[in-house]
Amino acid sequence: MKHFLVVTNKDKDPGLKNSKHIRAYLESAGADVTIVPDIYKTGIDQSKLPKNIECAIALGGDGTILQLSRALRGLYIPMIGVNLGHLGFLAEIEVSQIDHMLDCLLHDCYHIEKRMMIRGQVIHEDKVVVESLALNDIVIARSGFSRVISLNLYVNGQLIENYQADGIIISTPTGSTAYSLSAGGPIINPIAQLIEITPVCAHARLSRSIILAKDDKISIEIKRLRKSQLEEAYATFDGQEGIRLSSTDFVNVEAADDVARLIKLDDTGFYNILKHKIS
């Protein structure tokens with residue numbers, strides 16, 4: 001690799017110390033580098049990116065990788081993350097490993113994992129008002145002063161359960177180590193091809209996680225519990241984008257055609273990372 005994009009969460013890289021180090025290291029090896037110094041503030045204008053980028057390096061945490069995966073939608077640029085935050089499963093490279101990571105990238109000592117993504121649609125009055133992708137999860141949670149929300153879960157058109165709950169998480173295998181894990185969901189190998197549904201603090205017969213096939217179609221119906229409250233809930237995509245939901249709205253979720261491409265160094269593996277992060 002010789003053509004790099006470096007994307008930074010500026011709050012976690014004060015003075016762009018690590019970004020500047022990466023640029024100097026790569027340029028000294030004859031590579032060219034484009035830096036986006038604050039992705040949360042400026043985003044990424046795809047039309048202004050060089051056409052020959054081979055790799056995107058994200059500096060921050062898992063949230064930075066999630067933001068980057070959405071910003072690079074449709075460009076098929078592989079990504080790797082440097083963890084400047086806390087517990088990171090996506091941004092798995094630590095600061096002490098940066099030079100090793102750069103050497104591996106420069107000498108093509110890596111492989112690329114394809115991770116499934118999910119596509120969600122918010123349906124209001126029979127019209128699609130929002131459509132977006134998620135690498136980790138799509139979450140429907142209570143809004144305002146609601147104590148719980150009422151949600152009907154349909155799979156392939158069949159009503160599975162009504163949940164009186166704080167919310168529900170629809171996650172990919174990659175997202176199984178994120179919010180879903182803290183809500184009691186199982187850890188899933190991120191290269192698996194399936195969809196996980198985890199209710200949050202649910203009063204229901206099916207209060208545990210449900211594992212679905214990749215091709216299953218999911219629909220969540222928002223039910224009204226309180227006549228005095230117009231907005232019952234909200235939906236978030238990877239925690240980056242929030243949409244308010246009213247009763248009778250639907251959120252439809254299915255596997256996306258797009259996949260995220262994550263660069264893995266030859267000496268890393270999910271189970272080694274899991275052991276290290278959890279311990």
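Predicted model: local features only at pLDDT ≥ 70, side-chain atom pairs only at ≥ 80, totals over all residues.

Q: What counts as a cavity here?

A: On a 1 Å grid over the protein atoms alone, a cavity is a set of points where a 1.4 Å probe fits but cannot get out, and its lining residues have an atom within 4 Å of a point. Grid points are joined across faces, edges and corners, and a volume is the space filled by probe spheres set on the points.

Q: How many cavities of 30 Å³ or more are there?

A: There are three cavities of that size.

Q: Which residues lie nearest the centre of the largest cavity?

A: They are Ser69, Leu72, Arg73, Val259 and Ala260, from a lining of 14 residues. Strand β17 (residues 250–265) gives the most to this lining, with four residues.

Q: How does that lining divide into nonpolar, polar and charged?

A: Nine of its residues are nonpolar, two polar and three charged. Here Ala, Val, Leu, Ile, Met, Phe, Trp, Tyr, Cys and Pro count as nonpolar, Asp, Glu, Lys and Arg as charged, and the others, Gly among them, as polar.

Q: And what lines the second largest cavity?

A: Its lining includes Phe89, Leu90, Arg115, Pro173, Lys264 and Phe270. The division there is seven nonpolar, two polar and three charged.

Q: Changing topic, why is helix α3 described as largely enclosed?

A: Helix α3 (residues 62–71) is largely enclosed by the rest of the structure because eight of its 10 residues are buried. Buried means under 20% relative accessible area, exposed over 50%, and partly exposed in between (1.4 Å probe, protein chains only). Ser69 is one of the buried residues of α3, and Ser69 is also among the residues nearest the centre of the largest cavity.

Q: What do the buried residues of α3 pack against?

A: They pack against β1 (3–8), α2 (39–42), β3 (55–60), β4 (79–83) and β6 (110–124). Contact means heavy atoms within 4.5 Å.

Q: How many salt bridges does the structure hold?

A: It holds nine. A salt bridge is a side-chain nitrogen of Lys or Arg within 4 Å of a carboxyl oxygen of Asp or Glu.

Q: Which residue does Arg115 pair with?

A: Arg115 forms a salt bridge with Glu113, the closest N and O atoms being 3.0 Å apart. Arg115 is buried at 4% relative accessibility, and Glu113 is buried at 16%.

Q: What about Glu254?

A: Glu254 forms a salt bridge with Lys217, with the closest N and O atoms 2.9 Å apart. This pair links distant parts of the chain, 37 residues apart: Glu254 is in strand β17, and Lys217 is in the loop between β13 (210–213) and β14 (218–223). Glu254 is buried at 18%, whereas Lys217 is partly exposed at 45%. Arg119, Glu131, Lys217 and Glu254 are linked in a network of salt bridges.

Technical notes: Residues numbered from 1 in each chain as written. Heavy atoms only, no water. 1 Å grid on protein atoms, 1.4 Å probe; cavity = no way out; pocket = protein on both sides within 12 Å on 5 of 7 lines; lining within 4 Å. Helix = DSSP H or I, 4+ residues; strand = E, 2+ residues; numbered from the N terminus.
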